[in-house]
Amino acid sequence: MGKSLFIFIFLLTTSLLFSQETKQDSIATQKADSLSTDLKTKGIVVEEVTFQKQINPLAPSKAAFLSTIFPGMGQIYNKRYWKAPIVWGAIGTGIAVYSFNNTEYNRYRDAFKRRRAGFEDDEFFDINNSGIVSGNPDVSDEALQDAQERFQEQRDLSLLVTILLYALNVVDANVDAHLKQYNIDDKLSMDFKPYLDYNQVTAQPNYGMALVIKF
């Protein structure tokens with residue numbers, strides 16, 4: 001039941017994001033179409049207005065959302081496909097290091113706890129297989145405690161690094177989506193040109209300046 005609810009919420013959220021993106025694209029297109037009319041009402045004739053790419057203000061948040069639910073997914077959404085394996089490798093390595101240190105920590109902790117309870121049958125008591133000598137373990141209690149603390153520190157550090165890598169994956173997807181929307185096309189320009197037209201009713205010439213905007 002819980003799994004089905006999660007899938008339903010995920011699908012609902014994703015559909016809402018896509019619908020909002022479509023709505024924003026429509027609004028941007030309407031604004032582009034009305035720009036020429038607005039300028040004309042102010043006495044400026046717009047000779048050419050061309051929009052090569054619509055800006056989607058929801059793209060950064062969507063990229064961040066996708067990378068949050070699955071690392072690397074936001075990079076794929078941004079079409080930075082080469083980044084996805086790097087994200088997977090970095091976070092996967094962090095998880096593997098955490099798992100290793102956690103396993104070793106549990107081994108030494110369990111052995112140390114048995115020593116404290118008075119047992120002499122842990123895996124480190126006769127690690128060299130030379131025979132159990134009561135009161136004379138191959139790995140001392142102090143060594144078990146030191147190893148336990150060392151692996152605990154390494155485990156906690158690897159967990160922190162993994163969390164930071166996960167957060168960096170989300171930030172990278174968000175920032176990359178922002179940067180993708182900057183228009184660096186060589187055709188980006190704005191120019192003024194002399195304007196001359198004749199009024200068809202009065203046959204009088206109309207003088208002015210034409211504003212040419214290219215995106």
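Predicted model: local features only at pLDDT ≥ 70, side-chain atom pairs only at ≥ 80, totals over all residues.

**Reading the helices**

Analyst: Happy to, and let's start with a contact.

User: Before we zoom in, what are the elements of the protein chain, from the N terminus on?

Analyst: The order is α-β-α-α-α-α-β-β, which comes to five helices and three strands. Of the 215 residues in the protein chain, 25% are buried. As for contacts with a separation of 6 or more, 58% of them join residues 24 or more positions apart.

User: Back to α4, then. How many Å should its 34 residues span?

Analyst: Count 1.5 Å a residue, and helix α4 (residues 83–116) should span 50 Å; the C-alpha atoms at its ends are 49 Å apart, so the two agree. After α4 comes glycine 118, with a positive phi near 95 degrees.

User: How do I describe the way α4 and α5 pack, and at what angle?

Analyst: Two packed helices are described by the angle between their axes and the distance between the axes. For α4 and α5, the angle is about 160 degrees and the axes are 8 Å apart. Since an angle over 145 degrees counts as roughly antiparallel, α4 and α5 are therefore roughly antiparallel to each other. The crossing of α4 past α5 is left-handed. In that contact of α4 with α5 there are 17 nonpolar, ten polar and eight charged residues.

User: And where does α2 come in: at what angle do α2 and α5 cross?

Analyst: The axes of helix α2 (residues 59–69) and α5 cross at roughly 155 degrees and come within 8 Å. So α2 and α5 are also a roughly antiparallel pair, but α2 passes α5 in a right-handed crossing. The contact of α2 with α5 holds eight nonpolar and six polar residues, with no charged ones. On the α2 side you'll find Ala59, Pro60, Ser61, Ala63, Ala64, Ser67 and Thr68, and they meet Tyr166, Asn169, Val170, Ala173, Asn174, Ala177 and His178 in α5.

User: Let's pick one of those. Is valine 170 buried or exposed?

Analyst: Here the cut-off matters: buried means under 20% relative accessible area. Valine 170, in helix α5, has 17%, so it is buried. Leaving aside residues up to four places away in sequence, valine 170 touches Ala64, Ser67 and Thr68.

User: What about loops? Is asparagine 78 buried or exposed?

Analyst: Asparagine 78, in the loop between α3 and α4, counts as buried because its relative accessibility is 2%. Beyond residues up to four places away in sequence, asparagine 78 touches Ala63, Ala173, Asp176, Ala177 and Lys180.

User: And lysine 79, buried or exposed?

Analyst: Lysine 79 is in the loop between α3 and α4, and at 57% relative accessibility it counts as exposed. Check the backbone as well: phi of lysine 79 is near 65 degrees, a positive value in a residue other than glycine.

Methods. Residues numbered from 1 in each chain as written. Heavy atoms only, no water. Helix = DSSP H or I, 4+ residues; strand = E, 2+ residues; numbered from the N terminus. Expected span 1.5 Å × (residues − 1). Axes fitted to C-alpha atoms, helices over the stretch in contact; angles between N-to-C directions. Parallel < 35°, antiparallel > 145°, perpendicular 65-115°, else oblique. Left-handed = near helix turned anticlockwise from the far one by under 90°. Contact = heavy atoms within 4.5 Å. Nonpolar A, V, L, I, M, F, W, Y, C, P; charged D, E, K, R; others polar. Buried < 20%, exposed > 50% of the residue type's maximum accessible area, 1.4 Å probe, protein only.
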